[in-house]
Amino acid sequence: MFLGFALLMMAPLRVEYLANARYGVRWHGELLTAGTIALLTGVIPNIARLVVNPLWGWLFDHMNFFVLRLTLNLGFALGILSFFVSGSVAGLVAGAVFFGIANGGADVAWGLWVTKFAPPERVADYMAVHTFFTGVRGVVAPVVAFYLVAGLPLNVLGWISVGLIAVGSAVLVPEIKFGKGARRGAALVEEVSE
């Protein structure tokens, strides 16, 4: 919930940050065009997402789920910090790339996590609850973000979001088992070689 709230809070602010002249984001000394905003919020993240999706699928099958989730959380935190706190064109591009890479993994983890934890006959029930709470976050988080941004600088809101991600990550750390207590990821499909 903490991670999801932070991400859904910052997602609509990406365009607000780039398009609103009050933030003074510039590319080569000029305010950003619609094309540049689309490049930074849509094209770059989605290319990064597309390129790494197969890797995340493999990692999902072979990596401890909680370590995978923490890796994604780190990627999202770096993306938010680079994008909203750096104040540079390089930071915007790096933030877009980090966001896309982490989103690629989140696509896999969000859609399949339930297969690792729910009994097979309860997968649909678990996913229904998960989807419901994602929807609640998706409605509430942007409203909270635009309320907060009216009184806080965007970089401060970025740090708050990273703090929420850190809290969400801290909750997961005790679930990581090492040594004999570790549960190795099991592949969901069998690979066949010709």
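Modeller: We begin with exposure: a residue is buried under 20% relative accessible area, exposed over 50%, and partly exposed in between, with a 1.4 Å probe and protein chains only. The model is predicted, with pLDDT of at least 70 required for local features and 80 or more for side-chain atom pairs, whereas totals for chains, interfaces and linings use all residues. Residues are numbered from 1 along each chain as its sequence is written, and side-chain values use heavy atoms, leaving out hydrogens and water.

Colleague: Is His-28 buried or exposed?

Modeller: His-28 is exposed, because its relative accessible area is 74%.

Colleague: Where is His-28 found?

Modeller: His-28 sits in the loop that joins strand 1 (26–27) to strand 2 (30–31). Strands (E, at least two residues) and helices (H or I, at least four) are DSSP runs, numbered from the N terminus.

Colleague: What phi does His-28 have?

Modeller: The phi of His-28 is positive, about 55°, although His-28 is not a glycine. Most residues other than glycine have a negative phi.

Colleague: New topic, then: which residues does Met-9 touch?

Modeller: Leaving aside residues up to four places away in sequence, Met-9 touches Ala-141, Val-144, Ala-145, Leu-148, Leu-157, Ser-161 and Leu-164. Here contact means heavy atoms within 4.5 Å. Met-9 belongs to helix 1, and Met-9 counts as buried because its relative accessibility is 2%.

Colleague: How many residues apart in sequence are Met-9 and Phe-146?

Modeller: They are 137 residues apart in sequence, yet 8.3 Å apart in space, C-alpha to C-alpha.

Colleague: And what does Leu-148 touch?

Modeller: With residues up to four places away in sequence again not counted, Leu-148 touches Met-9 and Leu-157. Leu-148 is part of helix 6 and is partly exposed, with a relative accessible area of 26%.

Colleague: How far apart in space are Val-129 and Leu-7?

Modeller: Their C-alpha atoms are 19 Å apart, and the two residues are 122 apart in sequence. Val-129 lies in helix 6, and Val-129 is partly exposed at a relative accessible area of 46%.

Colleague: Is Asn-103 buried or exposed?

Modeller: Asn-103 counts as buried, because its relative accessibility is 15%. Asn-103 is a residue of helix 4, and Asn-103 touches Arg-49 and Phe-76, residues up to four places away in sequence not being counted.

Colleague: Now the helices: at what angle do the axes of helix 3 and helix 7 cross?

Modeller: The axes of helix 3 (residues 65–85) and helix 7 (residues 154–172) cross at roughly 170° and come within 9 Å. Helix 3 is therefore roughly antiparallel to helix 7, a description for angles over 145 degrees. Each axis is a line fitted to C-alpha atoms over the stretch in contact, and angles between N-to-C directions run from 0 to 180 degrees.

Colleague: Which residues in helix 3 and helix 7 meet?

Modeller: Among those in helix 3 are Phe-66, Arg-69, Asn-73, Phe-76, Ile-80 and Phe-84.

Colleague: How many residues of each class does the contact of helix 3 with helix 7 have?

Modeller: The contact has 13 nonpolar, six polar and one charged residues. Nonpolar covers Ala, Val, Leu, Ile, Met, Phe, Trp, Tyr, Cys and Pro; charged covers Asp, Glu, Lys and Arg; the others, Gly among them, are polar.

Methods
Parallel < 35°, antiparallel > 145°, perpendicular 65-115°, else oblique.
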